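I opened my notebook to look at one chain and how it meets its partner. Here is what I looked up, entry by entry.

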Amino acid sequence: MSDEAPSEVSVHPAVEPGVAPVAETASPVQPAPAEASSQSPATLFALAAWIVPGLGHLLLGRWAKAGTFFACVVGLLICGCAMRGEVLVPGTDGPFGTLGFLADLGCGTLYFLARALEAAGSDLSRAAGDYGTRLIAAAGIVNVLAMLDAFQMASHRNR
Amino acid sequence: MATHHFAAMMIFALLVAVALAALGERTPVNRARHTAWTFLIFVAFAVGFAWLLLPLSR
């Protein structure tokens, strides 16, 4: 690969007379765009992962993981809503309701979207409605795990 | 969406298995293996537990 070494050095073609040509080498100091983004705080990636499932991994350049998490979280949420599961609000059904609300809130902006689109409301008179509630909670938990993974990956990159 | 109990459980098991495999494994082969095992364990445990509860339903 020694043939390619001179290509890294470029000489200015227009040089003033009497002035030695200035050699320009590829600067190893300038960070690549991916390295620059790695200097962002890890909490930023976790927050991005909460706002949109998979966005934290997408910003870290992990396309496959981002797509996987997005598909899983959105799939669980859509199935849960289609089964007319309950999107919990704070202060419902005591402590278990609060825990369920926190789990649902893990979906990020999709939680608020699900609440806005929940036109027909939940139907817990059938078992499917109860299953739907669990699927929505599972979507939030999976997204929280994805957030923690994005946080950990960003922390390791910043070291 | 009228979903059978078993179908709802399968959807849950599949999507959660895929997410857990993505979290725990690095290579695609290991992820596929992890997904398959987790999915099978979910389904096997659910079916086994349902069989155990069967006498109570009568």
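I checked burial in chain B: of its 58 residues, 19% are buried. I call a residue buried if 20 or more other C-beta atoms, placed from the backbone, lie within 10 Å of its own. This is a predicted model, where local features need pLDDT of at least 70, side-chain atom pairs count only at pLDDT 80 or more, and totals for chains, interfaces and linings use all residues. Residues are numbered from 1 along each chain as its sequence is written, while chains are lettered from A and ligands numbered from 1 in the order in which they are written.

I looked up the fold of chain B and found 2 helices and 0 strands. Both are DSSP runs numbered from the N terminus (helices: H or I, at least four residues; strands: E, at least two).

Next I took the spans of the C-alpha trace of chain B: about 45 × 30 × 15 Å along its principal axes.

Then I turned to the partner. In chain B, 13 residues are in contact with 17 residues of chain A. Contact needs C-beta atoms, placed from the backbone, within 7 Å.

Which helices did I follow across? I followed helix 4 (residues 63-82) of chain A and helix 1 (residues 5-24) of chain B, whose axes come within 9 Å and cross at roughly 155 degrees. Axes are lines fitted to C-alpha atoms over the stretch in contact, with angles from 0 to 180 degrees between N-to-C directions. The two helices are therefore roughly antiparallel, a label for angles over 145 degrees.

I noted the residues making this contact: among them are A:F69 and A:L76 from helix 4 of chain A, and B:L15 and B:V18 from helix 1 of chain B.

Technical notes. Buried ≥ 20, exposed ≤ 12 C-beta atoms within 10 Å, placed from the backbone. Contact = placed C-beta atoms within 7 Å. Parallel < 35°, antiparallel > 145°, perpendicular 65-115°, else oblique.
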